[in-house]
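Here are a few notes to read alongside the model. Have a look at the picture, then go through the points in order.

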Amino acid sequence: MSAQSSTGIQTLLEAEKEAQAIVTKARAYRTQKLKDARTEAIKEIEAYKSAKEAEFKKFEGEHSSSNSKAEEEANASVQSELIAIKEAAVKAKDKVVAQLIEAIATPKPTLHINSQ
């Protein structure tokens with residue numbers, strides 16, 4: 001019986017080693033699949049990112065010219081307004097100076113609000 005049980009034990013040990021080899025192989029396969037999936041996902045993300053960047057550059061190129069036109073129009077408008085303000089200041093300068101001198105030279109005594 002000892003030879004028979006020894007053969008049975010030997011068979012069980014061989015089956016256990018075979019099962020362990022199968023499990024190790026399956027783990028390695030799973031690990032490789034995860035690495036491959038991760039690499040593929042990174043490639044897809046980079047492709048998507050570069051496509052979106054190209055789309056943005058195209059959009060920016062199309063719309064930047066309209067922005068520069070609007071900026072030029074705004075600058076022209078500001079310059080014309082500044083010229084108008086300077087002309088008004090030159091025209092009213094003598095009148096404003098005269099009013100200031102009159103206000104300073106002719107005092108008008110009044111009581112302060114709190115003293116009443």
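1. Of the 116 residues in this chain, 0% count as buried, where buried means under 20% relative accessible area, exposed over 50%, and partly exposed in between (1.4 Å probe, protein chains only). Keep in mind that this is a predicted model: local features need pLDDT of at least 70, side-chain atom pairs count only at pLDDT 80 or more, and totals for chains, interfaces and linings use all residues. Residues are numbered from 1 along each chain as its sequence is written, and side-chain values use heavy atoms, with hydrogens and water left out.

2. The secondary structure comes to one helix and zero strands; helices (H or I, at least four residues) and strands (E, at least two) are DSSP runs, numbered from the N terminus. The chain's radius of gyration is 45 Å, well over the 13 Å that the globule rule gives for 116 residues, so the chain is more spread out than a compact globule. That radius is taken over C-alpha atoms, and the rule is 2.2 Å times the number of residues to the power 0.38. Along its principal axes, the C-alpha trace spans about 140 × 55 × 15 Å.

3. Now pick out Glu53, which lies in helix α1. Is Glu53 buried, exposed or partly exposed? Glu53 is partly exposed, because its relative accessible area is 45%. From Glu53 to Glu14 is 39 residues in sequence and 58 Å in space, C-alpha to C-alpha.

4. Leu82 also has its place in helix α1, which covers residues 2-105. With a relative accessible area of 38%, Leu82 is partly exposed.
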